[in-house]
Structure formats: structure tokens, C-alpha cells
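Colleague: I would like to learn how to read the features of a model like this one. Please take me through them in turn.

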Amino acid sequence: MKKNTKINLLLLLAVIALAVLPLALGLGDHKEEPFTGADGEAETAITEIEPDYKPWFSPLYEPPSGEIESALFSLQAALGAGVLAYYFGLRRGRRQGEQQARERDAEESTAERA
């Protein structure tokens with residue numbers, strides 16, 4: 001097995017462990033909403049410390065439910081991943097094209113010499 005394959009498998013196992021272990025160990029059982037985002041946790045902590053706290057501004061759009069908010073967040077993440085994948089794929093394709101062009105030029109120059 002290649003070194004890169006081993007590293008990729010270990011990274012995949014680490015990601016799976018990070019996703020499954022909190023659910024399997026019940027790390028959020030004592031909370032009403034166990035796996036809320038950092039914004040919700042921060043809001044809860046702030047209101048516990050300072051009950052009269054007033055936010056500086058309000059969101060431009062408040063989704064009607066948590067499911068819609070989650071779907072919009074997932075859509076945002078998917079679009080970002082798509083843009084990054086396109087960029088890295090484009091860079092790799094250009095690099096491979098340049099390498100093939102150099103190899104073709106080298107072959108042509110050796111054929112001309114012969």
C-alpha cells in the first residue's frame with residue numbers, strides 16, 4: 001500500500017471518528033438542542049452572564065425554521081466546496097497541460113536532432 005493511500009485512509013478514519021463518536025458517546029444528551037452551532041452557544045452564554053444584553057444589530061434574513069437555516073448553511077458549504085474543487089481542478093489541469101506540452105516539445109526536439 002502506498003504512503004499516500006495510508007495517509008488518506010487514516011484521515012478518513014479520523015473524520016468518521018469525529019462525526020460518529022460524539023453521537024455514540026452521547027456528548028450532547030444533557031442539552032435541549034445538543035448540536036447547535038457556535039452562534040447559539042454564544043447567545044446562551046451571553047444571556048446567562050448579562051440578561052439585559054441587547055444585540056448591536058439583527059440579521060438581514062431570519063429563516064422561518066432551523067431546518068431551513070441548516071439547509072441554507074449546507075447549500076453555502078456545498079457552493080464553497082464546488083468553487084474550491086473547480087479552482088484546484090483547473091490548476092491541476094493547467095499544470096498537467098504544461099507538463100505534456102514540455103514533454104511534447106522535448107520529443108520533437110530530440111526527433112529533429114536525429
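**Reading the model**

Modeller: At 71% relative accessibility, methionine 1 counts as exposed; the classes are buried under 20% relative accessible area, exposed over 50% and partly exposed in between, with a 1.4 Å probe and protein chains only. This is a predicted model, where local features need pLDDT of at least 70, side-chain atom pairs count only at pLDDT 80 or more, and totals for chains, interfaces and linings use all residues. Residues are numbered from 1 along each chain as its sequence is written, and side-chain values use heavy atoms, with hydrogens and water left out.

Colleague: Where does methionine 1 lie, and which residues does methionine 1 touch, not counting residues up to four places away in sequence?

Modeller: Contact means heavy atoms within 4.5 Å. Methionine 1 sits in the segment before helix 1 and touches Lys6 and Leu9 on that count. Leucine 9 belongs to helix 1, residues 3-24, and is partly exposed at a relative accessible area of 40%.

Colleague: How many helices and strands does the protein have?

Modeller: Helices (H or I, at least four residues) and strands (E, at least two) are DSSP runs, numbered from the N terminus. The protein has three helices and zero strands. Its radius of gyration is 25 Å, well over the 13 Å that the globule rule gives for 114 residues, so the protein is more spread out than a compact globule. That radius is taken over C-alpha atoms, and the rule is 2.2 Å times the number of residues to the power 0.38. The C-alpha trace spans about 85 × 40 × 25 Å along its principal axes, and buried residues make up 2% of the 114.

Colleague: Where does proline 55 lie, and is proline 55 buried or exposed?

Modeller: Proline 55 is in the loop between helix 2 (38-49) and helix 3 (66-113). Proline 55 counts as exposed, at 58% relative accessibility.
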